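Visitor: I am new to this structure. Please show it to me, and then let me ask about its parts.

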Amino acid sequence: MPTTPSPIPPTSDTFDLLVIGGSYAGLAIAAAAREAGFTGHIALAGDEAELPYQRPPLSKGFLLGKAGAHLPLKAASFFAEAGIAFLPRRHAVTLDREARQVHFADGSVLGYGQLALATGARAAVLRCEGAALDGVLALRSLDDAQALSARLATARAIVIIGGGFIGLEVASAAVSLGKQVTVIEAGPRLIGHAVAPEISAYMQGVHERQGVTLRLDTRVERIEGEGGTVTAVICADGSRLPCDLVLAAVGAVPNVEIAAAAGLALDDGIAVDEFGRTSDPLIFAAGDCTSHPNVHARRRLRLSSVQNANDQGRVVGATIAGRAEPHAAVPWFWSDQYDVKLQMVGLGVPGGPTVLRGSQAEGRFSLFRYDGPQLVAIESINRPADHMMGRRLIAAGVSPTPEQAADPAFDLRSLA
């Protein structure tokens, strides 16, 4: 394919900027481009029928029926006022770089001057016998959350396969609804890919005190059912866990198929530079579907988080509008489970030194993680002030000494 696609004549189905993906990254791209002065025609095409909506509450407040747990990120009036055409129910299936066109599952075709891919990620498929039984669900979208909520209303026992954030957040909601909950995790600890062992151990205790049964270092052999409906999960050690609902929370897979088929470079996601540019100069990408050079990790990586999708999206939008600034935001994440707010900023180094600030016994503490003398991450339990300071300190490259970090009387603000 040519590096620079041939021009196409403008039509009513051609946009100066076409954004594929109607969630955080896609919305951020379109909004930031307009805010940065992009005056061309913009369209935002999304798979779902809804306006872009908040996703973190889907595994938390939405399942508990809390008011306001499902809210659009922007009102419908925003799109009209910003001059952004929102196109729902548009699933992109083919990208023709030479013609500068995107083909959709409904048969429609849209042309573009510049294209931004914010195709996100999908729930990883559980691969075992019985995974297709009725009552085995995943959680990624509003439709998924509605299906899970309806099942939880009548379920007695739920087995959650995967001890990551989604699995544990759903566990906390299910326990609050009075359900019997078992979490199966193949690894030796909970959320082991994201937090230090001390945080894993603390969260294990939190869930066990709430009555959750945790099965660590355990693999699923198969899922059993009767009449096509799930009845039990069978573990590799032979144990049988009766249940009437299973949540497969085994990770996410970036949606890169359309980019791969079009010949764009991949690297554990759509490969982009610090400005969100792909290997095609007219195509950008942002969010969960991408891998990028991260200045804090000092390597390429793919991040699945609302914060990264928003930050990357804003960088892409500004770059498209001619105001390029590299993506250098400090990664941060959060998770709400029961009355515990777990917040993380930065990227910890496995096996690196850690310093405790606060009191585990009181349920309010932070773990400061170092790479040599450099503070690289803070993981906080119910200490939001530490988290906010961490975002400022790590962004500025400023590190308290381990002694300062451990001393609750030391004012971290004096370093900012």
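Visitor: Does A196 count as buried or exposed, and at what relative accessibility?

Guide: This is a predicted model. A residue is buried when its relative accessible area is under 20%. A196 falls under that limit, so A196 counts as buried, at 1% relative accessibility.

Visitor: Where is A196 found, and which residues is A196 in contact with, leaving aside neighbours within four places in sequence?

Guide: A196 is found in the loop between β10 and α5. V349 is 153 residues apart from A196 along the chain, with 8.9 Å between their C-alpha atoms. Leaving aside neighbours within four places in sequence, the contacts of A196 are R189, L367, R369 and E379.

Visitor: How confident is the predictor, as a mean pLDDT of the protein chain?

Guide: Over residues 1-11 the pLDDT is below 50. That stretch has 20 contacts in the model beyond near neighbours in sequence. In the protein chain, 96% of residues reach 70 or more, and the mean pLDDT is 94.

Visitor: In the open sheet of five strands, which strands stand at the edges?

Guide: The order is β8-β15-β9-β10-β11, and the pairing is parallel. Two of these strands have a single partner strand each, so one side of each is left without a neighbour in the sheet. The edge strands are β8 (136-137) and β11 (213-215).

Visitor: What is the bridge partner of I184 in β11?

Guide: Strand β10 covers residues 180-184. β10 pairs with β11 in the parallel sense, over three bridges. In β11, the partner of I184 is R215.

Visitor: Which strands stand at the edges of the open sheet of three strands?

Guide: This sheet has the order β17-β19-β20, with mixed pairing. Each edge strand has a single partner strand, so one side of each is left without a neighbour in the sheet. The edges are β17 (270-271) and β20 (299-301).

Visitor: Which residue in β19 does A271 stand opposite?

Guide: β17 pairs with strand β19, residues 290-294. The sense is parallel, and there are two bridges. Opposite A271 stands S291.

Visitor: What should helix α7 span at 1.5 Å a residue, and how far apart are its end C-alpha atoms?

Guide: Helix α7 has 15 residues, 306-320. The expected span is 1.5 Å times one less than the number of residues. For α7 that should be 21 Å, and the end C-alpha atoms agree, being apart by 21 Å.

Visitor: Why is α7 largely enclosed, and what do its buried residues pack against?

Guide: α7 is largely enclosed by the rest of the structure because 12 of its 15 residues are buried. Among them are Q307, N308, V315, V316 and I320. The buried residues of α7 pack against β1 (14-20), α1 (24-35), β6 (109-117), β18 (283-285), β19 and β21 (332-337).

Visitor: Which residue follows α7, and what is its phi near?

Guide: The residue after α7 is G322. Its phi is positive, near 90°.

Visitor: Which residues touch the most other members of the largest nonpolar core?

Guide: This core has 44 residues. The elements that each supply at least two residues include α3 (142-154), β9 (157-161) and β22 (340-346). The largest share, six residues, comes from α4. The members touching the most others are L148, I158 and V181.

Visitor: How many aromatic pairs does the count come to?

Guide: F78 and F79 form an edge-to-face pair, 5.3 Å centre to centre with 80° between the planes. F78 and F79 are buried, and F78, F79 and F86 form one aromatic cluster. The count of aromatic pairs comes to four.

Visitor: How many residues apart are Y202 and F365?

Guide: Y202 and F365 form an edge-to-face pair, 5.0 Å centre to centre with 75° between the planes. Both are buried. Y202 lies in helix α5 and F365 in strand β24, so named in a pair that links distant parts of the chain, 163 residues apart.

Technical notes
Residues numbered from 1 in each chain as written. Predicted model: local features only at pLDDT ≥ 70, side-chain atom pairs only at ≥ 80, totals over all residues. Heavy atoms only, no water. Pairing = 2+ DSSP bridges. Buried < 20%, exposed > 50% of the residue type's maximum accessible area, 1.4 Å probe, protein only. Contact = heavy atoms within 4.5 Å. Core = buried A, V, L, I, M, F, W, Y, C linked by side-chain atoms within 4.5 Å. pLDDT = per-residue confidence, 0-100. Phe/Tyr/Trp six-rings, centres within 6.5 Å; stacked < 30°, edge-to-face > 60°.
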